[in-house]
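Subject: Two-chain model for your files

Hello,

Here is the structure I said I would pass on. Please look through it before reading my notes.

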Amino acid sequence: MKSMHIVTSLIAGSLFGFGLALSGMMDPAIVKAFLNPFGEWNAALAFVMAGAIGVTAPAYFFILKRDEPFFDNTFHVTHLKDIDSKLIIGAALFGIGWGFYGLCPGPALAQVFSLQVEIFVFAAAMLAGMHVSQKLSDKF
Amino acid sequence: MKNFFTTDITNALIGGLLIGSSAVLMMLFNGRVAGISGILYQASHLKLESLWHLAFIFGLFIGAGFFFEFNQVNYPRVTATWPYALIGGFIVGFGTRLGGGCTSGHGVCGISRFSPRSIVATLVFMSTGILTVTIMNFI
């Protein structure tokens with residue numbers, strides 16, 4: 001079972017990385033132009049989300065009706081309902097960072113083999129941010 | 001009529017379909033959400049149980065690498081210098097951990113199962129992203 005998880009993840013990750021590369025999400029200039037509806041707007045990236053949700057939403061509808069996935073005995077989805085301050089503040093900060101540099105986590109990681117120093121800095125800072133955030137959450 | 005699509009929308013759409021297919025595989029076979037920030041955080045513990053997380057991230061590297069190699073094009077260059085990367089990366093990491101997801105986990109997977117939290121999170125990060133870019137263009 002565990003080894004099958006790894007195989008699926010490797011395939012799914014590759015598909016995801018290929019999709020990101022094709023989509024334009026890995027180019028900070030395109031991302032910033034997408035987040036610029038009040039300026040020189042390039043709305044192309046809306047199609048990335050539309051395409052992804054267009055596939056995922058109908059598929060999830062049927063998949064989540066099953067008792068279990070193929071290689072596990074449960075679906076690991078959160079049942080949290082609360083729209084709390086952590087969610088809002090976290091999402092707000094994420095958006096600020098995304099607009100500031102033009103990369104969200106997936107595209108930043110998919111850029112690793114481009115061997116640009118800035119990508120390594122971004123990825124390392126992202127990991128540090130995650131761990132600091134978790135430490136603070138555990139405390140308060 | 002102004003052109004609001006200055007880069008290829010077919011590529012954007014097909015890229016999105018592939019990302020969606022990846023999310024479907026992860027749920028159907030492993031019962032997991034294809035949320036990159038969460039997967040990265042778990043992977044960073046480098047434990048035996050986090051091997052699949054590492055495999056997914058390695059997949060991201062090779063999937064993108066294959067695309068650029070195959071098409072004989074260069075990776076998009078980042079233009080902002082490393083201090084910007086340091087600040088941007090930290091805020092993205094901090095925010096995604098606190099908010100429990102990013103563009104993939106909330107924006108694709110969460111919205112696809114109509115999670116109210118994910119819908120709210122996506123509206124919030126889209127708004128602050130737009131706000132940030134708009135303000136930065138004024139400075």
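Below are the notes on the two chains and on the contact between them.

This is a predicted model, in which local features need pLDDT of at least 70 and side-chain atom pairs count only at pLDDT 80 or more, while totals for chains, interfaces and linings use all residues. Residues are numbered from 1 along each chain as its sequence is written, chains are lettered from A and ligands numbered from 1 in the order in which they are written, and side-chain values use heavy atoms, with hydrogens and water left out.

The chains

Chain A has 6 helices and 0 strands, where helices (H or I, at least four residues) and strands (E, at least two) are DSSP runs numbered from the N terminus. Chain B likewise has 6 helices and 0 strands, and its pattern along the sequence is α-α-α-α-α-α. Taken along the principal axes, the C-alpha atoms fill a box of roughly 45 × 40 × 30 Å in chain A and one of roughly 50 × 40 × 35 Å in chain B.

The interface

On the chain B side 102 residues are in contact with 106 residues of chain A, contact being heavy atoms within 4.5 Å. The two chains bury about 9,700 Å² between them, with 77% of that on carbon and sulfur atoms; buried area is the accessible area (1.4 Å probe) that two parts lose on being put together, summed over both. Within chain B, the residues that lose the most area to chain A are B:Val78, B:Leu98 and B:Arg117, together 7% of what that side buries.

Between the chains there are 28 residue pairs in polar contact, both residues at pLDDT 80 or more. A polar contact is a pair of N or O atoms within 3.5 Å; within protein, one must be able to donate a hydrogen and the other to accept it, and residues adjacent in sequence count only if both atoms are side-chain atoms. Helices α1 (9-30), α2 (36-43), α3 (51-70), α4 (82-99), α5 (103-112) and α6 (116-138) of chain B each supply at least two residues of the side that touches chain A. Of these, α1(B) gives the most, with 21 residues. By class, that side has 61 nonpolar, 35 polar and 6 charged residues. Here Ala, Val, Leu, Ile, Met, Phe, Trp, Tyr, Cys and Pro count as nonpolar, Asp, Glu, Lys and Arg as charged, and the others, Gly among them, as polar.

The salt bridge

How many salt bridges does a search of the whole structure find over all chains? The search finds 1, a salt bridge being a side-chain nitrogen of Lys or Arg within 4 Å of a carboxyl oxygen of Asp or Glu. A:Asp84 pairs with B:Arg117, and their closest N and O atoms are 3.6 Å apart. The pair crosses between chains, from the loop between α3 (46-63) and α4 (85-101) of chain A, where A:Asp84 lies, to helix α6 of chain B, which holds B:Arg117.

Regards
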